[in-house]
Amino acid sequence: MLILIKNVYVNGKRQDILIEDNIIKKIGEIKKEEEMEIIDGTKKIAIPGLINTHTHIPMTLFRGVADDLPLMEWLNNHIWKMEAKLNEEIVYWGTLLGCVEMIKTGTTTFNDMYFFLEGIAKAVDESGMRAVLAYGMIDLFDEEKREKEIKNAEKYINYIKDLNNRRITPALGPHAPYTCSKELLLEVNKLAKKYKIPIHIHMNETLDEIKMIKEKFGKEPFLYLNEFGFFDGVDVIAAHCVHLSEEEIKIIKEKNISVSHNPISNLKLASGIAPIPKLLNEGINTTLGTDGCGSNNNLNLFEEIKCSAILHKGTTLDPTIVKAEEAFNFATKNGAKALNVKAGDIREGYLADLVLINVNKPQLRPISNIKSHLVYSFNGCVDDVIIDGKIVMREGDIITLDEEEIYEKAEEMYAILSA
Ligand SMILES: N[C@@H](CCSC[C@H]1O[C@@H](n2cnc3c(=O)[nH]cnc32)[C@H](O)[C@@H]1O)C(=O)O
Ligand SMILES: [Zn+2]
C-alpha cells in the first residue's frame, strides 16, 4: 500500500511524503505513480501523531461524574464504586469513545493502565490506533489478591502478545506504591525483565500518599522502591511525579525513568504541580499524559502541551521555561522514547503515524510561526490521521469507526454504570 502526501508543509518546508506499508519511505520531491493513493497536502501541515503516555481509556464513561474532589475521596467514594460495575462490553465501548476523541485531536499512540483488557484491545484493533496496554494491578498488601493480580497480569501479557498485532503491545501496570505490596512490585520487576516490556506506575501524585508511604516504610516512594531494586534493569514510565525530593529526582535520572507529566489532572484533583523545570535541568525524559476522563476531563493532548508550556512559567516567574518546541517534544519525540516506538517524528524509516492539519483555521492564522500556533493557539481539531501507514481519518471523518453508534452505546453504558 503506497500513500503519497503531496506538497505538505513538513519539517519547515513544503514537500512530499511517501508512505510504504507502515513506514515513512521518503520525504522530498516525489513523482506520482499509478498505484499510489494521493493526498493533497497543499493547504495542510504535517505533524507526528501525538503520544499520550498515561491514560485509563475506558474512563471516558466516568467523564464529569465526580468533579471537584481530592484524589483519595474521588477514588474511594466514587470511582472504585462505579468500576465495580464494569464488564468487558462496557470497557469496549468506553475505549471506542476514547479512540474517537484521541483520533479527532491528533493522538495516535496511548499508554494505558486498566482492566478488562480484551475489551480494550478489541476496540484499539478496530480503531486503527497504536497502544501499550497494561493490566492495572492492586493487591492492597493482601497475599491472596497478590497471587490473583500476578496471574492476571501474566495472562494479559500473553493474551496481547498472542494477538500478534504490531500496533498493540503489552506492559506491566502496578497501580502505585500505596496499593501494591513490595512482594508484588518485586514480581513485576521480574516479569518486566522476563517479557522485556515496560512498567507503567503512578508515582508521588499527592502529599497524602507520600505521607502514607513514609509512615509505613520510613522513606519517600522512589527511595523505598529503589532500595529493593524495583527500577533495576527495566524501563519505567512514572505517571505524575508531582511531589519529589532532590534524592528522588536523582533516582529518576540515574535509573533513566521516563516521567508522564499530567498537568491538567494534577490541577483538577488539586494534587499539585510537578517540578518539571528541575526534571528538564537533569535531562530527564519528560512526556505528557491526560490521565482518565474522570480527572481531566478530556483526552485532548494539545491542552496538555499548552498547559505544560505556560504552567511552569507561572510557578517559576520565568517566561523562558518550557519553550514551545520542548512542550511539543513532550507529546511526540519524548513519548516515543518512553514507549520505545519508532515514531514521534516525521523522518524516513520511522513509523507512519502522522497527522495533517488544514491551516484554514483562525487560530492558525497568520501563518507566522506554526510551532508557536500548535502549542499556544491551536484547539486540537485535526483533519487527517494516518496510523501505522493506514488512513484512519480523512477531513475530520473517522474511517475505521461508526461515531454515531459509539455515541449511542456510550449513553447506554453510562446508564448501566450510573444506575
Ligand atoms: N485491578 C485493579 C485495576 C486498576 S486499573 C487503574 C486504576 O487507577 C485508577 N486511577 C485513575 N486515575 C488515577 C489517578 O490519578 N491516580 C491513581 N489512580 C487512578 C483507576 O480508577 C483504576 O482503578 C482494580 O481491581 O481496581
Ligand atoms: Zn492514572
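Is cysteine 381 buried, exposed or partly exposed, and what is its relative accessible area? In this predicted model, cysteine 381 is partly exposed, with a relative accessible area of 41%, where buried means under 20%, exposed over 50% and partly exposed in between (1.4 Å probe, protein chains only).

Because this is a predicted model, local features need pLDDT of at least 70 and side-chain atom pairs count only at pLDDT 80 or more, while totals for chains, interfaces and linings use all residues. Residues are numbered from 1 along each chain as its sequence is written, chains are lettered from A and ligands numbered from 1 in the order in which they are written, and side-chain values use heavy atoms, with hydrogens and water left out.

The structure holds 0 disulfides, a disulfide being a pair of cysteine sulfur atoms within 2.5 Å. For cysteine 293, the nearest cysteine sulfur belongs to cysteine 99 and is 11 Å away, and cysteine 293 itself is buried at 1% relative accessibility. For cysteine 381, the nearest cysteine sulfur is that of cysteine 293, 15 Å away.

The zinc ion (ligand 2) is held at 2.0 to 2.3 Å by His54 (NE2), His56 (NE2), His202 (NE2) and Asp291 (OD), donors being N, O and S atoms within 2.8 Å of the metal (3.2 Å for Na, K and Ca), with water not among the atoms, so that sites may look incomplete. Along the chain these donors follow the spacing H-x1-H-x145-H-x88-D, and both histidine 54 and histidine 56 are buried.

UniProt, in an unreviewed entry, places the feature "domain: Amidohydrolase-related" at residues 45-392, in the numbering used here, with names shortened and annotations that may be inferred rather than shown by experiment.
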